[in-house]
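Me: I have a structure open and want to go through it piece by piece. Can you help me read it?

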Amino acid sequence: MAKTGVFKSDPMVMTKAMELKKELQKLVRNIVDDEDYRTELIDQARETLFALKGLKVKRRSSSLKLRETVLCPEEFKCPLSKELMRDPVVLATGQTYDRPFIQKWLKAGNRTCPLTQQVLSHTILTPNLLIREMISQWCKSQGLELPDLSQNVNEEGITEADRDHFLSLLEKMSLTLPEQKDAARELRLLTKRMPSFRALFSESLEAIPQLLRPLSEGKSGSSMYPDLQEDIITTLLNLSIHDNNKKLVAETPMVIPLLMEALRSGSIETRTNAAAALFTLSALDSNKTLIGKSGALKPLIDLLEEGHPSAMKDVASAIFNLCIIHENKARAVRDGALKVILTKIMNGMHVDELLAILAVLASHQKVVEELGDSGAVPCLLRIIRESTCDRNKENCIAILHTICLNDRTKWKVMRDEESSYGTISKLARHGTSRAKRKANGILERLNRAVNLTHTA
């Protein structure tokens with residue numbers, strides 16, 4: 001006869017457990033019965049097992065909390081949770097806390113000790129084995145049982161066994177080349193499949209430097225072992241997706257230089273993933289500034305000019321994001337972005353993405369001057385006339401509006417286009433709300449100029 005164990009005292013928990021078990025049975029049956037089963041079924045079965053395990057552990061933990069609330073000696077309580085510590089760890093200041101609660105404190109951006117308010121020299125958490133043993137002995141004397149740490153699940157779904165495996169992989173990044181390659185490949189796969197594994201990198205300031213060690217110790221990692229470089233750079237991309245990691249990743253001193261090196265010398269997949277990592281990191285304004293100052297725009301623009309189809313979207317997205325802040329616009333212009341972008345637009349290549357960048361850059365005075373001298377105006381008017389994409393038309397007319405405000409010599413080209421095709425007036429009637437505003441602004445200036453000429 002099956003036993004429900006810790007589930008039997010709570011009908012809601014028991015119902016949820018039964019639902020999970022039925023789902024697991026269904027998934028396993030599909031895997032066993034169908035030789036051509038989808039690999040996603042294995043992931044779903046794993047997630048269901050994990051949810052079932054978490055439900056049991058949380059229930060056991062709740063039962064234990066009720067019994068020890070009054071009995072627990074003060075020295076065994078976490079200063080943050082005021083509850084019996086399950087996984088006591090020592091902070092850099094020497095104070096002991098329960099791991100999940102101090103991790104939550106650190107992940108909130110705090111870099112001080114909650115008790116002493118001292119600034120932390122690092123955020124590495126060291127298991128306090130002595131306190132753990134004392135708590136274990138006390139629990140035995142009270143008839144209580146602490147949960148197995150290897151099965152203890154935190155709020156992000158990480159067990160102590162997962163954490164130990166993660167640390168062992170990082171240690172291998174300092175060992176022999178075959179071990180580095182195996183560890184890098186597994187970290188790449190784990191950080192892709194499991195968001196919770198990405199979060200582990202934020203628990204220690206040393207985790208990312210350990211990951212990067214094979215590349216940072218010399219150029220052999222990138223020039224002789226491109227597969228190792230690809231796995232490490234892709235792992236950085238996976239880490240950057242996690243919002244809490246963006247600042248930590250970008251501010252780790254080795255990261256941006258190694259991404260720049262990957263943009264220049266990696267395989268096309270490595271270069272694409274390096275561009276994608278810079279795009280993801282640039283979601284934070286502080287990172288935009290940091291990446292721009294580092295000189296990363298130049299290798300991005302060089303890769304854009306090369307025009308690898310698989311890399312273009314990520315490269316263009318990274319350049320667009322970085323150029324939202326004014327100082328990076330000047331850097332992009334200095335590094336030759338305008339010539340590359342205009343050449344590709346005029347050749348009909350990746351027009352959607354590149355017009356968006358050009359519209360952002362157009363607020364820079366030097367860009368306006370170069371646009372006027374490069375023959376861009378007829379090209380932009382032709383795109384408005386021929387394109388079916390409202391966004392492209394809007395970006396084109398916004399750029400033309402900026403040129404119209406700053407370069408009177410281009411008014412004639414616009415008037416001739418309007419006389420021949422009515423391009424601008426059509427957009428003023430049928431474009432997006434922003435396109436209508438910009439188109440009407442141009443028409444007003446052109447009409448005002450004509451009236452002044454007639455009056456004179």
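Me: Start simple. How much of the chain counts as buried?
Reply: Of the 456 residues, 48% count as buried. Keep in mind that this is a predicted model.

Me: And how many helices and strands does the chain have?
Reply: There are 25 helices and three strands.

Me: OK, the core. How many residues are in the largest nonpolar one, and which have the most contacts inside it?
Reply: The largest nonpolar core has 96 residues, and Leu211 and Leu236 have the most contacts inside it.

Me: What does Leu236 touch?
Reply: Leaving out residues up to four places away in sequence, Leu236 touches Ile208, Leu211, Leu212, Val249, Val255 and Leu259. There is also a second, separate core of 18 residues, which includes Leu84, Met85, Ile131 and Ile135. As background, nonpolar side chains in soluble globular proteins tend to be buried together.

Me: Is helix α10 mostly covered or mostly open?
Reply: Mostly covered, since 13 of the 16 residues of α10 are buried. The helix runs over residues 226-241 and reaches 23 Å from its first C-alpha to its last, close to the 22 Å expected at 1.5 Å a residue.

Me: Now the strands. In what order do they sit in the sheet?
Reply: The order is β2-β1-β3, in an open sheet with antiparallel pairing.

Me: Why do β2 and β3 each have a side without a neighbour?
Reply: β2 (96-98) and β3 (126-127) are at the edges of the sheet and each has a single partner strand, so one side of each has no neighbour there.

Me: How many bridges join β1 to β2?
Reply: Three bridges join β1, residues 88-90, to β2, and the two run antiparallel. In one of these strands, β2, Thr96 is the bridge partner of Val90.

Me: Which helix packs on that sheet?
Reply: Helix α3, residues 99-107, packs on it and touches β1, β2 and β3. The direction of α3 makes about 95 degrees with that of β2.

Me: Switching to aromatics. How many aromatic pairs are there?
Reply: A search of the whole structure finds three. One of them is Phe76 with Trp138, which is edge-to-face, with 6.4 Å centre to centre and 65 degrees between the planes.

Me: Where do those two sit in the chain?
Reply: They are 62 residues apart, so the pair links distant parts of the chain: Phe76 is in the loop between α2 (40-68) and β1, and Trp138 is in helix α4, residues 129-141.

Me: Is Phe76 buried or exposed? And Trp138?
Reply: Phe76 has a relative accessible area of 6%, so it is buried. Trp138 is buried as well, at 12%.

Me: What about Phe166 and Phe197?
Reply: That pair is also edge-to-face, at 6.1 Å centre to centre and 75 degrees between the planes. Phe166 is in helix α5 (residues 160-172) and Phe197 is in helix α7 (residues 195-200), 31 residues apart. At 3% relative accessibility Phe166 counts as buried, and Phe197 does too at 2%.

Me: Which residues form a cluster with them?
Reply: Phe166, Phe197 and Phe201 form one aromatic cluster.

Me: Next, α16. How does its span compare with what it should be?
Reply: The 14 residues of α16 (residues 309-322) should span 20 Å at 1.5 Å a residue, and the end C-alpha atoms are 21 Å apart, which agrees.

Me: Which of its residues are buried, and what covers them?
Reply: In α16 the buried residues are Ala311, Met312, Val315, Ala316, Ala318, Ile319, Asn321 and Leu322. Their cover includes α13 (268-281), α14 (285-294), α15 (297-306), α17 (326-334), α18 (337-346) and α19 (351-361).

Notes:
Residues numbered from 1 in each chain as written. Predicted model: local features only at pLDDT ≥ 70, side-chain atom pairs only at ≥ 80, totals over all residues. Heavy atoms only, no water. Core = buried A, V, L, I, M, F, W, Y, C linked by side-chain atoms within 4.5 Å. Buried < 20%, exposed > 50% of the residue type's maximum accessible area, 1.4 Å probe, protein only. Contact = heavy atoms within 4.5 Å. Pairing = 2+ DSSP bridges. Helix = DSSP H or I, 4+ residues; strand = E, 2+ residues; numbered from the N terminus. Axes fitted to C-alpha atoms, helices over the stretch in contact; angles between N-to-C directions. Expected span 1.5 Å × (residues − 1). Phe/Tyr/Trp six-rings, centres within 6.5 Å; stacked < 30°, edge-to-face > 60°.
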